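Me: Could we go through the pockets and the nonpolar cores of this one together?

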Amino acid sequence: MANKISILIVDDEESVRDSLYNWFIEDGYEVKCAADAKEALSLLEAKEYHIVLADIKMPGMDGLEMHRRIKALNKDTIVIVMTAFASVDTAVQALKDGAYDYVTKPFDPDDLSHLIRNATSHINLKEENENLKSKVEALENVEDLVGESEAMMQVLSEVQSVASSSSSVIITGESGTGKELIARAIHANSPRKYFPLVSVHCGALPESLLESELFGHEKGAFTGAMFNRKGRFEMSDGGTIFLDEIATISAKMQVELLRVLETGKFTRVGGNKEISSDFRVICATNKDLKMMVKEGTFREDLYYRLNVVNIHVPPLRERQEDIKLLAKYFMEKYAASMNRKKISIDDAALKRLEEYDFPGNVRELENMIERAIVIGNGKEIKLKDLPLEKNKKGTTIESLNDNEKKHIRQILEKYGWNISRAAKVLKVDRATLYNKIKKYDLKPSDG
Amino acid sequence: MKGEKQNTVTLASFGAFDRQTIELIAEAIREDLGMPVAIIERRVDLSIYFDIGRRQYDGNRLMKMIETQFPDTQGKIVGLFNVDLFIPILTFIYGQAYLGGKIAIASKFRLMNEHYGLPANEELLKDRFIKEVIHELGHAMGLVHCHTPTCVMRSSTYVEDVDQKERYFCQECRSQLENNGYITKRAL
């Protein structure tokens, strides 16, 4: 614990105050004394004390009344009431009012030590719990969601409005736009944030494995099922399940998934016991699910069950104004992780980034920045550190045939249309090269 | 020794102790702390410190009595008793001290095996009493309870706890005593 435990002793008898003061000081606590409730309350208004050890019978305001006022000031303060006269009624009343414990004077030295030790453990656990909660919040803090563009602000506003509900969400967008981050943002801002966010990449698993992964399995359900295993639906109880690449699941899995979404119940593979789980489902896809429904490759009923809310994440080329911000964010992120000092980017390199159309979206930009920091001088990203020469924005994506045509023409021109030399360099025979020239209708004048 | 602290310890006996026990305590302090130790025997009527209701002797009042008995004595004074001590809030104490203060007290009454229905063991009693006196002296020199299991400054609410620790200060407590100018660094 970062701070020393502080104890406030409240008793009208000086000898009791002195004895307790001495005892706790010797134990290394921070101790303060008050002779009555009034003094104690004014001390508590000025400073927070972890533990208040208060006599129940005092002139003026009694210990029970003072206890209520302490709780009104700070509900986390641990109050232990003490009395010279054991009375079950007062003890019950004190405990009903939320006192941590009740002791009769004089105490056995060991009882006093145990009492304070237990209260200290309680305080430590509470602090630890709060620290962990804030760490969870920090972990779930989706810092990578960077952007000030109108398109991104629209997405973030949708995230905010959908987070508090438990409705199913489909996140659509091209590969690399950050769909999983959006799912994390929804989870992190939802009341389910202290429960797990379980991600399943449906496209990465064959059907049989996906079934076992989602629903779990019983020992002996199939070869290799040596133990009972919880499925992802079960693990996400109370939290959120994120199904990435939902469009890739088979027709059979679509039926299974629909049933789970409708009932919230399922059985493990090889099991017969019905299991309930309270989860929210968020899906992501880069496919047009509506089109798939029309084509009959995705179930319509499942589509409508999943598509309660749709959030579309725009590709990076549609939010060009975010490129600078994102580049800066990734430079800071990787500089910190590589123990480098602040890294900047020169104007030419930034201009080139802003001109590029990023088919791989934010993921591509992130990788590009990381690579540039690794191969660059570590201080400033320059144009030469970016692998963008041939992919400036405005150039359309070329097919393999277009590239082949361009390459053959380049080589032919380089060697003055000497077919033998060009074929040798291209590592094809002359006949093949002639066929290609014919196919692409290449002529010396083309150049 | 740094500072202007009066680094002497006075063991003031207020009970019928055999001289050998007090000498043993003095020797233990000299040996571990290198501090000069004086022994004084006082005959005081303790009955005025006896609480009829609790049938025990009031530790707080005994400490005040020692303060008035030794107004000019420099250094730390540890009053040695063989009566059952209490303070208002606790059912009993083995001893007590003002943290960083001049006075400490310790009693061997609750350290006796007979008190727990066990056969008397003089050697064990002497060992426990030495530890208790050094423990209270440690408080008087500003040390709080220590978590090192064997350190003499570990808190002990049962005699078994006293038996488990040693009569010496752990390295950390020694360092504090050195920093506070009570003892000098031990040669390695």
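Me: What is the volume of the second largest pocket?

Reply: This is a predicted model, and in it the second largest pocket has a volume of about 480 Å³. Its lining comprises 25 residues, of which A:G176, A:T177, A:G178, A:K179 and A:R363 are the closest to the centre.

Me: Which helix gives the most to that lining?

Reply: Helix 15 of chain A, with four residues. Helix 7 (179-188), helix 13 (322-337) and helix 15 (361-375) of chain A each contribute at least two residues.

Me: How does the lining of the second largest pocket divide by class?

Reply: Seven of its residues are nonpolar, nine are polar and nine are charged.

Me: And how much space lies in the largest pocket?

Reply: About 730 Å³. Its lining has 31 residues, and the closest to the centre are A:D27, A:Y29, A:R117, B:H147 and B:S155. Two or more residues come from each of helix 1 (14-26) and helix 5 (109-140) of chain A and helix 4 (159-164) of chain B. Helix 5 of chain A gives the most, nine residues. By class, the lining of the largest pocket holds eleven nonpolar, 13 polar and seven charged residues.

Me: Turning to the cores, which residues touch the most other members of the largest one?

Reply: They are A:L20, A:F24, A:I51, B:I66 and B:F81, in a nonpolar core of 42 residues. A second, separate core has 40 residues, including B:A106, B:L143, B:V152 and B:V159.

Me: What is A:L20 in contact with, neighbours within four places in sequence aside?

Reply: A:L20 is in contact with A:I9, A:L53, A:M82, A:F107, A:L112 and B:I89.

Note on methods
Residues numbered from 1 in each chain as written. Chains lettered and ligands numbered in written order. Predicted model: local features only at pLDDT ≥ 70, side-chain atom pairs only at ≥ 80, totals over all residues. Heavy atoms only, no water. Core = buried A, V, L, I, M, F, W, Y, C linked by side-chain atoms within 4.5 Å. Buried < 20%, exposed > 50% of the residue type's maximum accessible area, 1.4 Å probe, protein only. Contact = heavy atoms within 4.5 Å. 1 Å grid on protein atoms, 1.4 Å probe; cavity = no way out; pocket = protein on both sides within 12 Å on 5 of 7 lines; lining within 4 Å. Points joined across faces, edges and corners; volume = space filled by probe spheres on them. Nonpolar A, V, L, I, M, F, W, Y, C, P; charged D, E, K, R; others polar.
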